[in-house]
Every structure is written in structure tokens, then in C-alpha cells.
Amino acid sequence: MKSKNKLIVFEGIDGVGKTTIALELKKVFKREGLPVIFYEDYEQKHPGFNALKPLVKTIPVTGSHLFYLASAIYKSQVIKKLLKKHWVICDRYFYSSIAHHKARGSNLKMGRLKDLLKPDYAFLLTLDETTRQKRVKQKEKITKSDLVFKKQRSFPCRMENFLKKMDLINIDNSTSIKETVTKISSLIL
């Protein structure tokens, strides 16, 4: 009997290793013979809402929040189609959008979000700040938000606190990447 394809989502503040862990997990799944797609690879070929993201940075927080909600609904519909043939690994889904905008002060009520596909596994990656900053400096492309220190009341701290209130599986990524991927894959496979 064929098992159902799964949606695995990684959430967290910038620089905690979401992309690295997602890509390493994709390799594990491929070795297991699972048909797997990293959603961001698919999205590069089919940009959808992402083509508008540069324009969204100039609008007020509530407008940005609505845009990202619409983007998440679109992404959810695409993922539903992809799941017919593949496992899907996603670097950020709707949880980060909600936390990001709440941390920016949006008071938009999201309701039940019934139109969004719920992931089979949604992980919140956390990392001690010293390790996060060390890993950020090793990245090929460093963004401004990667460099913002997570200290009390900072944007990264507020965002992570909102994410911690959501129904996510918290994974401390302070150990080695290999250990984190092993821990996650043992929960899934």
C-alpha cells in the first residue's frame, strides 16, 4: 500500500538554518527513494506571488499582511497539486507570515485559515544567538535581517515568541546540522 505524500514545513527567524535543514532532509528522502520537491526550487520556476514581493515592502503592515495571506493561500493550492506525486518540503509557510506581521504590529484577525493546507509536520527551528550569528557569517548571501541580533524586545525575538505560541514541533538546531536532520527524519520516517 502506498503511503500518503507528506508536507513538511520549516519555520523560524532568519539565520536559524531552515534552508540548510530542508535541503539536507531532501537528500535523506531521496536516499530513501521518496519523490520529493523543495518548494522553493519549484517556486523559482513558477514565481506566482513572489514576483510582487519587492512592491509589498513599500506598503503599510496590514496591506503586507493581507498580501502574504493571499500568497499563502496560493502556495497552499499549488502544494496540494504537488502532493499528488511528491513529498513537499517548504522553507516557511503561513506560520512565519503571521508571526512576522504580528511582530511588526499588525492586529489583523486571521480567522481559522480554513483555506490553507495544514502541514503533516511543521517544525520551528531555534538556535542560540551565538551559534546563529556564527552560521550567518558563513552564508553565501547575508541579508540585513540575518544580522539583527536576537535580544529581548528585538524584532527577531518578538517574531520567535509568536512562533513559539503556535502548534509547531520545536527543534533546537544548536547541535550539528547532521544531528538535527537525523532527529527530524526519525520523527517523520
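## Buried residues, ring pairs and a pocket

Cys90 counts as buried, at 0% relative accessibility; buried means under 20% relative accessible area with a 1.4 Å probe and protein chains only. Cys157 is buried too, at 18%. The structure holds zero disulfides, a disulfide being a pair of cysteine sulfur atoms within 2.5 Å.

The model is predicted, so local features need pLDDT of at least 70 and side-chain atom pairs pLDDT 80 or more, while totals for chains, interfaces and linings use all residues. Residues are numbered from 1 along each chain as its sequence is written, and side-chain values use heavy atoms, without hydrogens and water.

Rings of Phe, Tyr and Trp (its six-membered ring) pair if their centres lie within 6.5 Å; planes under 30 degrees apart are stacked, over 60 edge-to-face and the rest tilted.

| Pair | Centre to centre | Angle between planes | Class |
|---|---|---|---|
| Phe67 and Tyr68 | 5.1 Å | 90° | edge-to-face |
| Tyr93 and Phe94 | 4.9 Å | 55° | tilted |

Phe67 is buried, with a relative accessible area of 12%. Tyr93 and Phe94 are both buried as well. Ring pairs also link Phe10, Tyr121 and Phe123 into a cluster.

The lining of the largest pocket divides into 16 nonpolar, 16 polar and 16 charged residues. Here Ala, Val, Leu, Ile, Met, Phe, Trp, Tyr, Cys and Pro count as nonpolar, Asp, Glu, Lys and Arg as charged, and the others, Gly among them, as polar.

Terms used. Buried means under 20% relative accessible area, exposed over 50%, partly exposed in between (1.4 Å probe, protein chains only).
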